[in-house]
Amino acid sequence: MDNGSVGGLWSPLVRTEYLIILRHCLKTTKPLGESMVGSIVLFGPPGAGKGTQAGRIVELTSKPQVSTGDMLRAAVKLGSPMGLAAKEYMDAGLLVPDEVIIGLIQERLQEDDAAQGVLFDGFPRTIPQAESLEKIATVSSVISIEVPDDAIVDRIVGRRMDPETGEIFHVQFKPAPPEIEGRLIQRPDDTEETVRSRLEAYHNQTAPLADWYSDRGLLIRIDGNASINQVGVSVERAISRIL
Ligand code: AP5
């Protein structure tokens with residue numbers, strides 16, 4: 001599997017497909033409030049709690065959440081060529097090639113609701129992605145949720161999602177109400193084996209971005225190895241420093 005295998009996927013066909021995915025993703029965003037702040041990046045290893053904390057940040061900033069993981073899963077669900085190509089990488093715990101991700105983000109940032117910045121969740125994940133982003137948007141802060149590897153595996157293997165609302169639960173740390181338990185799903189990449197590859201990809205390709213953003217004075221580190229509520233309080237403190 002190499003970048004060439006998906007080369008040329010960002011074609012007019014893929015653009016049409018992107019618009020369908022976008023319509024799906026826009027349903028979950030909230031109206032944009034007045035803000036002088038640019039985009040915020042939510043950064044951290046797989047399972048750090050980015051998706052869990054994103055809702056709180058959306059409420060506080062009124063910026064729409066832009067999750068590349070959600071966009072890719074929507075493409076997989078559609079069974080489109082890009083989705084099928086991306087699925088191979090996702091199931092193997094590898095990063096999807098930069099050109100595909102950057103294409104998705106370039107299109108997404110052209111939407112009206114992105115005019116005053118967005119909350120990036122799971123993007124950028126490589127230095128080339130961050131360099132491309134720097135050319136098309138202003139990142140005002142990067143909130144890094146820091147969690148050690150040994151806590152990550154339990155979090156990911158126990159994660160469950162409500163397909164109707166998109167809400168994220170955990171069998172132990174955030175149990176779902178009994179009335180919806182039966183409809184919860186588990187992501188195909190949430191296996192112990194895949195988590196190890198995802199952590200390897202994180203340490204090799206994504207973690208160096210923390211220094212990259214720190215050098216630019218944008219990184220805010222948060223201890224993510226605490227309860228969901230405690231991490232939420234730290235996230236709120238970080239946001240109050242930004243706004
Ligand atoms: P993506 O969907 O972005 O996955 P990820 O970064 O691996 O992050 P997760 O969604 O797994 O975790 P999270 O930090 O959101 O944690 P959550 O809040 O759910 O990407 C999936 C794949 O798509 C990638 O592997 C890659 O192939 C591809 N991809 C996506 N973006 C890409 C890009 N930019 N470039 C290239 N490829 C890309 O929490 C996890 C669990 O822990 C939940 O069950 C939750 O309830 C629980 N939990 C949360 N916080 C706590 C806490 N404080 N204490 C206890 N439990 C907690």
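These questions and answers go through a predicted model and the terms used to describe it.

User: What kind of model is this, and how are its residues numbered?
Analyst: The model is predicted, so local features need pLDDT of at least 70 and side-chain atom pairs count only at pLDDT 80 or more, while totals for chains, interfaces and linings use all residues. Residues are numbered from 1 along each chain as its sequence is written, and side-chain values use heavy atoms, with hydrogens and water left out.

User: What makes a stretch a helix or a strand here?
Analyst: Both are DSSP runs, numbered from the N terminus: helices are H or I with at least four residues, strands are E with at least two. By that rule the chain has 11 helices and 7 strands.

User: Why is Leu 72 called buried?
Analyst: Buried means under 20% relative accessible area, exposed means over 50%, and partly exposed is in between (1.4 Å probe, protein chains only). Leu 72 has 6% relative accessibility, so Leu 72 counts as buried. Leu 72 sits in helix α3. In the chain of 243 residues, 50% are buried.

User: Which residues does Leu 72 contact, leaving aside its neighbours within four places in sequence?
Analyst: Contact means heavy atoms within 4.5 Å. Leu 72 is in contact with Ala 86, Met 90, Val 96, Ile 101 and Leu 104. Take Ile 101: Leu 72 and Ile 101 are 29 residues apart in sequence, and their C-alpha atoms are 8.8 Å apart.

User: Why does Ser 62 count as partly exposed?
Analyst: Ser 62 has 22% relative accessibility, so Ser 62 counts as partly exposed. Ser 62 lies in the loop between α2 and β2 (65-67). Ser 62 also has a positive phi of about 60°, although Ser 62 is not a glycine.

User: How are two packed helices described?
Analyst: They are described by the angle between their axes and the distance between the axes. Axes are lines fitted to C-alpha atoms, for helices over the stretch in contact, and angles run from 0 to 180 degrees between N-to-C directions. Helix α6 (residues 127-136) and helix α10 (residues 208-215) pack at about 35°, with axes 10 Å apart. Helix α9 (residues 192-206) and α10 cross at roughly 35°, and their axes come within 5 Å.

User: Where is the cis peptide bond, and what is its omega?
Analyst: The cis bond joins Phe 123 and Pro 124, with omega about -5°. Pro 124 lies in the loop between β3 (119-121) and α6.
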